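Thanks, everyone. Please bring up the model, and I will walk you through it.

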Amino acid sequence: MDYVLKVITDVNNVIYDFVWVKSGLFLLIGAGIILTCCTKFFQISHIGHWWRETIGSIFVKNSDSLKKTDKKTISQFQALCTALAATIGTGNIAGVSAAIVLGGPGAVFWMWVAAFFGMMTNFSENVLGIYYRRRNADGEWSGGAMYYLKYGLGKYKYCKHIGSVLAVLFAIFAIFASFGIGNMGQVNKITLNLKSAFFKNVDLGTLFGIPVVSIIIGIVLIIIAALIIIGGLQRIATVAERVVPFMAIFYIIGALIIFFVNIESVGAMFASIFRFAFGVKAVAGGAAGVAISQVITQGCKRGVFSNEAGLGSSVMVHSSSNVKEPVKQGMWGIFEVFFDTFIVCTITAIVVLSSGFINLETGLPVNPNVDDATLVSQAFGNVFGVAGEMFIAIAMLLFAFTTVLGWSQYGTKAVEYLFGTKATKVYKIIFVCAIILGAVMTSSLAWDISDTFNGLMMIPNLIGVVSLTPLVMRITQNYVDRKIKKLDVAPLTHYEDEK
């Protein structure tokens, strides 16, 4: 078993190095910059409009954002909640902790940078997703990178086969990623935090060298996941709509209490974020700080792990929305990234930096053996005692478990694209059973595999998005002319409009 794990680790390290260090981050940030410039900084220039049309609209009576047009679709707000269910997970808690422990406080700055440009990447993905989506054999909307690669990029001269191949590769990577970032990585963090908070002094022995507590947690999660996932997108969306807003609010309230308890160190916290963002080396007791390359890598990597902008994942659920305007769903994508990173991740960073576990002068962990998986839990414990650790364990459970639900839908759509709707039933069974693997795997391996498949999804997706930037510009300008400037222009909402 040890030999097999070593081989998997070595292979993963090679792929990871190529995807994240040598190509992925340049492609990710570069694509975001291109899309931001080509859409004339839409996330800033039209901030009032997209704010009113997204989160502002849910407070309007009889808002279209909360309505479903038929049983085969979900509302715009349900699409957002399902996407947030898949994005607000361990990346927002353990992921931010890992970024700070490995990359220093400066990694938070690069999370913000990646998120700022990622807003327009996510916007563009959703615009293309709605524009190229189509009904499947069951009458449900199916959209995602697979479709705009095949029918968008594939329309370019000499690119028909390239688009089809990239679409297949993306679907394959998405399926594997659903077992990594969307399943095993999440379940692994759930297990670690539950054991730390509730089973610290419980020893039920081992079975084949695996702690029985981990096995029990895995089995319970399998049963609950099966009851929801087998019910399809409608059931997943209903659960997400009811759980996501409340779990986010309670987590933010708890983190804000810690923020005010440590209000005197706020200035030092933000100073350390900006000071170490540009690779200022800290030396204390002979320990040198991290290099700027590691700061940027950790920040951007954990940022995209959290908000998934550039992966092409959340577009698969956004495409199931009842919306007709591609830009309308695109704006929900902007809000998704904003809320996920600038709100939730920033609050987590404040919790970690105010915990006393990170030296704000050196940017290094006070204890070099600190466990990033439970760092936020310990920070809450400092303020709220045992109740704080239990709260984070429950929050992690809800955050991560809803991520599993959301990613099951992503994997389902990828399987549907490759093998048809009938094959999705087999996939769901395998996906649910794989939960037990996440409960018993080592933390580092599960996390590293998740990172690798993140990057592999990103490459074909961003090739498609960047190549279709002129189309995104046309659709966006068409929307601005009609909805903001009130010009009499024919709508451009679906690729069949131009046939």
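Ala-171 is buried, with a relative accessible area of 0%. Buried means under 20% relative accessible area, exposed over 50%, and partly exposed in between, with a 1.4 Å probe and protein chains only. Ala-171 sits in helix α8, residues 160–198. Helices here are DSSP runs of H or I, at least four residues, numbered from the N terminus.

A word on the source. This is a predicted model: local features need pLDDT of at least 70, side-chain atom pairs count only at pLDDT 80 or more, and totals for chains, interfaces and linings use all residues. Residues are numbered from 1 along each chain as its sequence is written, and side-chain values use heavy atoms, with hydrogens and water left out.

Back to Ala-171. What does Ala-171 touch, not counting residues up to four places away in sequence? Met-146, Ala-414, Tyr-417 and Leu-418. Contact means heavy atoms within 4.5 Å. Ala-145 is 26 residues from Ala-171 in sequence, and 8.3 Å from it in space, C-alpha to C-alpha.

Rings of Phe, Tyr and Trp (its six-membered ring) pair if their centres lie within 6.5 Å; planes under 30 degrees apart count as stacked, over 60 as edge-to-face, and the rest as tilted. The whole structure has 23 aromatic pairs. Take Phe-109 and Phe-274. Their ring centres are 5.8 Å apart and their planes stand at 65°, so this pair is edge-to-face. Phe-109 is in helix α6 (residues 106–132) and Phe-274 in helix α11 (residues 266–276), so the pair ties together parts 165 residues apart in sequence. Phe-109 is buried, at 16% relative accessible area. Phe-274 is partly exposed, at 42%.

Now the pair that involves α8. Phe-179 and Phe-431 have ring centres 5.7 Å apart and planes at 50°, so they count as tilted. Phe-179 is in α8, Phe-431 is in helix α17 (residues 423–433), and the two are 252 residues apart. Phe-431 is buried, at 0% relative accessibility.

Ring pairs also build a cluster: Trp-50, Trp-51, Phe-335, Phe-338, Phe-339 and Phe-342.

Next, charges. How many salt bridges does the structure hold? Three. A salt bridge is a side-chain nitrogen of Lys or Arg within 4 Å of a carboxyl oxygen of Asp or Glu.

Lys-328 bridges to Glu-53, with the closest N and O atoms 3.4 Å apart. Lys-328 lies in helix α14 (residues 326–353) and Glu-53 in helix α3 (residues 47–53), so parts 275 residues apart in sequence are tied together. Lys-328 is buried, at 14%. Glu-53 is partly exposed, at 24%.

Glu-325 bridges to Arg-482, at 2.9 Å between the closest N and O atoms. Glu-325 is in the loop between α13 (315–318) and α14, while Arg-482 is in helix α20 (residues 469–484), 157 residues away. Both Glu-325 and Arg-482 are buried.

Lys-413 meets Glu-416 at 3.3 Å, N to O. Both lie in helix α16 (residues 386–419), three residues apart, about one turn of the helix.

Last, the surface. Phe-246, Ile-249, Phe-250, Ile-253, Ile-257, Val-261, Val-383 and Phe-384 make a nonpolar patch of about 710 Å². Patch residues have over 30% relative accessible area and no salt bridge; like charges are joined within 9 Å, nonpolar side chains (Val, Leu, Ile, Met, Phe, Trp, Tyr) within 5 Å. Accessible areas come from the Shrake-Rupley method with a 1.4 Å probe; for residues, only the protein chains shown count as cover. Helix α10 gives the most, six residues. Ile-257 is in α10, and is partly exposed at 38%.
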